[in-house]
Amino acid sequence: MLLAFKHRILQHPWPDVLINAWTRSPWVHVEILLEDPPRRGWAVGARTNSNGVALSHTWAEALATDPPTRWEGYRVPVASERDVWEFLAPQMGKRFNYPAIFGAQGFGLPVNNRRGWFCSELAYAVCREFSTVVFPDVRPVWVHPGRLRDYCITAGCEPVSLTMNNTH
C-alpha cells in the first residue's frame, strides 16, 4: 500500500490554504493507493470535492488534479491489502468529516465522528490497523497529512516515485 501526500507548493486553492494555516504544515492531502491485484492502481481518499470517501479506479484519476511535483509517496508495508480493502470498502460514500476537521484540526477539540472521515484520519486509521511497522497511538482526528507523513518517515516507510507514468 502506498500513501500519496500532496504538497501545497505556491498554489492557493482555499482548502489547501486553510489546512496549511491550521496545521502549519505544507502537506495538505493524502490518498491511499492500492498495489495488489485485483485492486492494483485503485486510490481511496476522503475528499472535499467528492464530499467524502471515494474510490478512483486509477491512481492517475486521483492524482491528476494536481501537477506531479505536488505529490510525494511512501510505501507502507501491510500484512494484507485484502484486509485493508475489506476495511475501506464499507467506508465508501461516508461523508467528509467536517466536524472533526474543523473541531479537532482547527480548534483542538476532541471530536469523534464515525459517520465520516477526512483524508489523513482515514489513512492513519488504516496504518494503525494494518501496517506491519509501528505508528504512534494517537486519536486519528489529531493526525493531519503532515503529521502522518512524518510518522511514515519515522517508521522507515520507503519513499516511492509517484510520477504519472507509475500511476496505472
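Me: Buried means under 20% relative accessible area, exposed means over 50%, and partly exposed covers what lies in between. In this predicted model, is Asp 150 buried, exposed or partly exposed?

Reply: The side chain of Asp 150 meets that of Arg 149 in a salt bridge, with an N to O distance of 3.9 Å. The relative accessible area of Asp 150 is 41%. This value lies between the limits of 20% and 50%, so Asp 150 is partly exposed.

Me: Is Arg 149 buried or exposed?

Reply: Arg 149 takes part in a salt bridge with Asp 150, and Arg 149 also forms one with Glu 72. The relative accessible area of Arg 149 is 15%. Because the limit for this class is under 20%, Arg 149 is buried.

Me: How many residues apart in sequence are the parts tied together by Glu 72 and Arg 149?

Reply: In the salt bridge between Glu 72 and Arg 149, the closest N and O atoms are 2.6 Å apart. Glu 72 is partly exposed, at a relative accessible area of 23%. Since Glu 72 lies in strand E5 and Arg 149 in helix H6, the pair ties together parts whose separation in sequence is 77 residues.

Me: Which strands and which helix do the buried residues of H6 pack against?

Reply: The buried residues of H6 are Pro 145, Gly 146, Leu 148, Arg 149, Tyr 151 and Cys 152. Gly 156, with a positive phi near 85 degrees, follows H6. The buried residues of H6 pack against strands E1 (2-7), E2 (27-33) and E5 (71-75), and against helix H5.

Me: Are the rings of Tyr 124 and Tyr 151 stacked, edge-to-face or tilted?

Reply: The count of aromatic pairs comes to six. For Tyr 124 and Tyr 151, the ring centres are 6.0 Å apart and the planes stand at 50 degrees. Tyr 124 belongs to helix H5 (residues 119-130) and Tyr 151 to helix H6 (residues 145-154), 27 residues apart. Stacked planes are under 30 degrees apart and edge-to-face planes over 60, so the pair is tilted.

Me: Which residues do salt bridges with shared partners join into one network with Arg 75?

Reply: Glu 35 forms a salt bridge with Arg 75, the closest N and O atoms being 2.6 Å apart. This pair links distant parts of the chain, as Glu 35 lies in the loop between E2 and strand E3 (43-47) and Arg 75 in strand E5, 40 residues apart. Glu 35 counts as buried at 12% relative accessibility, whereas Arg 75 counts as partly exposed at 28%. Salt bridges that share partners join into one network, together with Arg 75, the residues Glu 35 and Glu 158.

Me: What is the distance in space between Glu 129 and Asp 83, C-alpha to C-alpha?

Reply: Glu 129 is found in helix H5. At 57% relative accessibility, Glu 129 counts as exposed. Glu 129 and Asp 83 are 46 residues apart in sequence, and their C-alpha to C-alpha distance is 9.6 Å.

Me: Which residues form a nonpolar patch on the surface with Leu 109?

Reply: Leu 109 lies in the loop between helix H4 (98-107) and strand E7 (116-117). Its relative accessible area is 45%, so Leu 109 is partly exposed. The members of the patch have about 400 Å² of accessible area together. Besides Leu 109, they are Tyr 98, Phe 102 and Phe 107.

Me: What share of the residues in the protein chain is buried?

Reply: The protein chain has six helices and eight strands, in the order β-α-β-β-β-α-β-α-β-α-β-α-α-β along the sequence. Its accessible surface comes to about 8000 Å², of which 56% belongs to carbon and sulfur atoms. Of the 168 residues in the protein chain, the buried ones make up 50%.

Methods. Residues numbered from 1 in each chain as written. Predicted model: local features only at pLDDT ≥ 70, side-chain atom pairs only at ≥ 80, totals over all residues. Heavy atoms only, no water. Patch = residues over 30% accessible without salt bridge, like charges linked within 9 Å, V, L, I, M, F, W, Y side chains within 5 Å. Areas by Shrake-Rupley, 256 points an atom, 1.4 Å probe, with all protein chains shown as cover. Salt bridge = Lys/Arg side-chain N within 4 Å of Asp/Glu carboxyl O. Helix = DSSP H or I, 4+ residues; strand = E, 2+ residues; numbered from the N terminus. Buried < 20%, exposed > 50% of the residue type's maximum accessible area, 1.4 Å probe, protein only. Phe/Tyr/Trp six-rings, centres within 6.5 Å; stacked < 30°, edge-to-face > 60°. Contact = heavy atoms within 4.5 Å.
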